[in-house]
Amino acid sequence: MKTSPIIALDFESAQTTFEFLSAFNGDVNVKVGMQLYYKEGPAIIEKLKERGFDIFLDLKLHDIPNTVKSAMEVLAGLGVGLVNVHAAGGRTMMEAALEGLDKGTPSGMKRPSIIGVTQLTSTDERQVQEEQLIHASLDESVLHYAKLASVAGLDGVVCSVHEASIISEVCGPEFLKVTPGIRLPGGGVHDQKRVATPVEAKKQGSTHIVVGRAITGASDPLAAYEEISTLWKGMESIG
Ligand SMILES: O=C(O)c1cc(=O)[nH]c(=O)n1[C@@H]1O[C@H](COP(=O)(O)O)[C@@H](O)[C@H]1O
């Protein structure tokens, strides 16, 4: 997947999605999540591919290994660039996901990259301790899941910007660190807990940023995208 920001297409239908995308060209990366995929099904992927977009299909699979393997076998045929699972599903489940992807990728096509969600960016320290009853810090939990994903053979993880640097140190700079929770300085945080700016994301070693409402909710989405993209890419030439 290109390193451009990934726009989260959290829209209710194909119609609103394509109205929004009419201002953008195929150079942007897009993310299709549960809402849009459950509404429109695989057809939305085909339509986005026709427009030339690279696609992150964010369905966050988490089930028994056999079910995840079979589902990944189906998703592998869609021609998306990136898919994900919850790392909390465990090593065997992640290995099964990878096996399903390998099996389902049509010959001549590249296997989609696969990443494990560590701790959602809407999760904070208290929830890890009290709700998940994990007797470790949030950072330790994220790193634990990143190591588990790495051992299972996954290409990377979803994490917040705040854990990207330690994950790079432990799992290597090539290991994907896809970071949502991106906001411009002073932007609304909404339901996110671990947020950061595009500049911070680059400094901390994120390989990709996922941006939804900071772009889709802006009065001028294209201008917001370009501002975020410039901040994100601008750092590349420095660092
Ligand atoms: O896997 C994801 O994409 C994801 C993981 C995570 O930990 N946090 C997270 O926000 N996301 C997704 O990233 C997007 C963030 O949207 P905004 O908060 O509007 O920028 C949403 O589509 C979420 O579903």
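1. His 62 touches Val 85, His 86, Ala 88 and Gly 89, not counting residues up to four places away in sequence. Contact here means that two C-beta atoms, placed from the backbone, lie within 7 Å. His 62 sits in the loop between S3 and helix H4 (65-75). Helices (H or I, at least four residues) and strands (E, at least two) are DSSP runs, numbered from the N terminus. His 62 counts as partly exposed because it has 17 C-beta neighbours inside 10 Å. The cut-offs are these: a residue is buried if 20 or more other C-beta atoms lie within 10 Å of its own, exposed if 12 or fewer, and partly exposed in between, with C-beta atoms placed from the backbone. His 62 and Gly 104 are 42 residues apart in sequence and 18 Å apart in space, C-alpha to C-alpha.

2. A word on the model. It is predicted: local features need pLDDT of at least 70, side-chain atom pairs count only at pLDDT 80 or more, and totals for chains, interfaces and linings use all residues. Residues are numbered from 1 along each chain as its sequence is written. The protein chain averages a pLDDT of 97, and 98% of the residues score at least 70. That score is the predictor's confidence in each residue, from 0 to 100. Where pLDDT is low, the predicted coordinates should not be read in detail. For the complex, the predictor gives an ipTM of 0.99 and a pTM of 0.97.

3. Which residues does UniProt list for "active site"? The unreviewed entry gives Asp 58, Lys 60 and Asp 63. UniProt positions are given in the numbering used here, feature names are shortened, and annotations may be inferred rather than shown by experiment.

4. Is Asp 58 buried or exposed? It counts as buried, because 25 C-beta neighbours lie inside 10 Å. Lys 60 has 15 such neighbours inside 10 Å, so it counts as partly exposed. Beyond four places in sequence, Asp 58 touches Lys 31, Val 32, Gly 33 and Asn 84. With the same exclusion, Lys 60 is in contact with Asn 84, Val 85, His 86 and Val 117.

5. Now the ligand. Of the 19 residues around it, Ala 8, Leu 120, Pro 180, Gly 212 and Arg 213 come nearest. A residue is near if its C-beta atom, placed from the backbone, lies within 6 Å. S3, strand S8 (208-211) and helix H10 (213-216) each supply at least two residues of this shell. By class, the shell has eight nonpolar, seven polar and four charged residues. Ala, Val, Leu, Ile, Met, Phe, Trp, Tyr, Cys and Pro count as nonpolar, Asp, Glu, Lys and Arg as charged, and the others, Gly among them, as polar.

6. The largest nonpolar core has 66 residues, and Ala 97 and Val 157 touch the most other members. Helix H7 (residues 138-151) gives the largest share, six residues. Such a core is a set of buried Ala, Val, Leu, Ile, Met, Phe, Trp, Tyr and Cys residues joined through C-beta atoms within 7 Å.

7. Ile 6 lies in strand S1 (residues 6-8). It counts as buried because it has 28 C-beta neighbours inside 10 Å.
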